[in-house]
Amino acid sequence: MIRRIFNALHKTPQANTQDNVPKIEVQEIMQKKSLFISAGHSDTDVGASATHNGKLWCEADIVLEFRDLVAKHLLDKGVQYSKDGELGQNLPLRDAITLASTHDIAIEFHCNAFTNPNATGVETLSRGVDYPLGNRICEVIASTLRINNRGVKGESSGQHSRLGFISRGNGIIVELFFISNPNDLKAYLENKELLAERIAELLKGVVYE
């Protein structure tokens with residue numbers, strides 16, 4: 001009896017099976033680039049506008065909503081970003097330019113317009129160094145909205161020879177579609193949520209590259 005008690009007290013402990021499980025180190029993937037997104041124009045400068053089926057559409061309203069949609073998806077994907085104003089707010093261009101210049105990647109959303117309502121497609125305006133990203137943005141938008149891909153263009157290809165968001169903010173201007181084209185607008189309205197998610201996914205990949 002005494003021996004059994006002695007053996008029980010001095011029994012060699014069994015190895016914890018958990019100690020034998022290989023330990024896997026989980027390395028956090030860090031975001032490598034800072035991101036800024038902006039809505040073109042403002043309450044005092046509504047940008048381009050067009051009337052379709054009796055309703056007036058303004059560029060400033062469209063791109064503000066789209067910026068906030070992209071922001072929502074970036075947040076869902078865990079991407080850190082800054083933007084030119086809170087939800088539903090669009091700061092003046094001078095503020096957007098200042099903020100853009102402090103980030104690695106800066107994107108500003110716009111709508112294109114032309115006197116010919118058949119003009120269609122997406123394009124980006126930027127410095128040459130940003131053409132690769134601009135091209136990827138154009139491809140996502142063109143394929144999602146099923147509109148023409150007008151490609152990447154230089155700063156002087158816009159309505160002005162110099163654009164502050166590019167020349168001083170080092171950013172990319174994205175002309176999402178032609179607000180003057182009813183088919184472009186319809187395609188955007190039907191797919192804006194999907195487009196915002198795809199743009200956010202693209203930008204996520206870029207800031208982690």
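I'm taking contact to mean heavy atoms within 4.5 Å. This is a predicted model, and I keep that in mind for every entry below.

**Entry 1: overall layout**

I started with the fold as a whole. The protein has six helices and eight strands. Reading from the N terminus, I get the order α-β-β-β-α-β-α-β-β-α-β-α-β-α. Of the 209 residues, 44% are buried. I also looked up how far apart in sequence the contacting residues sit. Among contacts with a separation of 6 or more, 77% join residues 24 or more positions apart.

**Entry 2: H2 against H6**

Next I went to helix H2, residues 59-76, where it packs on H6. The angle is about 40 degrees and the axes are 8 Å apart. I noted a right-handed crossing for H2 over H6. On the H2 side I listed Ile62, Glu65, Phe66, Leu69, Val70, Lys72, His73 and Leu74. Their partners in H6 are Leu185, Tyr188, Lys192, Glu193, Leu195, Ala196, Glu197, Ile199, Ala200 and Leu203. Sorted by class, this contact of H2 with H6 comes to 12 nonpolar, one polar and five charged residues.

**Entry 3: H4 against H6**

Then I turned to the packing of H4 (residues 131-145) on H6 (residues 182-207). Here the angle is about 150 degrees, with 9 Å between the axes. Which way do H4 and H6 run relative to each other, roughly parallel or roughly antiparallel? My cut-off for roughly antiparallel is over 145 degrees, so H4 and H6 are roughly antiparallel. H4 also passes H6 in a right-handed crossing. From H4, the contact uses Leu133, Arg136, Ile137, Val140, Ile141, Thr144 and Leu145. From H6, I wrote down Ala187, Tyr188, Asn191, Leu194, Leu195, Arg198, Ile199, Leu202 and Val206.

I compared the two H6 lists by eye. Tyr188, Leu195 and Ile199 of H6 turn up in the contact with H2, and Tyr188, Leu195 and Ile199 are also in the contact with H4.

**Entry 4: cysteines**

How many disulfides does the structure hold? I found zero. Cys58 has 14% relative accessibility, so I count Cys58 as buried. Cys111 is at 4%, so Cys111 goes down as buried too.

**Entry 5: Asn181**

I looked at Asn181, which sits in the loop between strand E8 (172-178) and H6. Is Asn181 buried or exposed? Its relative accessible area is 5%, so Asn181 is buried. Leaving out residues up to four places away in sequence, I find Asn181 touching His52, Pro117, Asn118, Ala119 and Thr120.

**Entry 6: positive phi**

Last, I looked up backbone angles. Most residues other than glycine have a negative phi, so I wanted the exceptions on record. His41 has a positive phi, near 70 degrees, and is not a glycine. I placed His41 in the loop between strand E1 (35-39) and strand E2 (49-52). With a relative accessible area of 25%, His41 is partly exposed.

Asn170 is another non-glycine with a positive phi, about 55 degrees. I found Asn170 in the loop between helix H5 (164-167) and E8.

How values were computed. Residues are numbered from 1 along each chain as its sequence is written. This is a predicted model: local features need pLDDT of at least 70, side-chain atom pairs count only at pLDDT 80 or more; totals for chains, interfaces and linings use all residues. Side-chain values use heavy atoms; hydrogens and water are left out. Axes are lines fitted to C-alpha atoms, for helices over the stretch in contact, and angles run from 0 to 180 degrees between N-to-C directions. Helices (H or I, at least four residues) and strands (E, at least two) are DSSP runs, numbered from the N terminus. Angles under 35 degrees count as roughly parallel, over 145 as roughly antiparallel, 65 to 115 as roughly perpendicular and the rest as oblique. A crossing is left-handed if the near helix is turned anticlockwise from the far one by less than a right angle, and right-handed if clockwise. A disulfide is a pair of cysteine sulfur atoms within 2.5 Å. Buried means under 20% relative accessible area, exposed over 50%, partly exposed in between (1.4 Å probe, protein chains only). Ala, Val, Leu, Ile, Met, Phe, Trp, Tyr, Cys and Pro count as nonpolar, Asp, Glu, Lys and Arg as charged, and the others, Gly among them, as polar.
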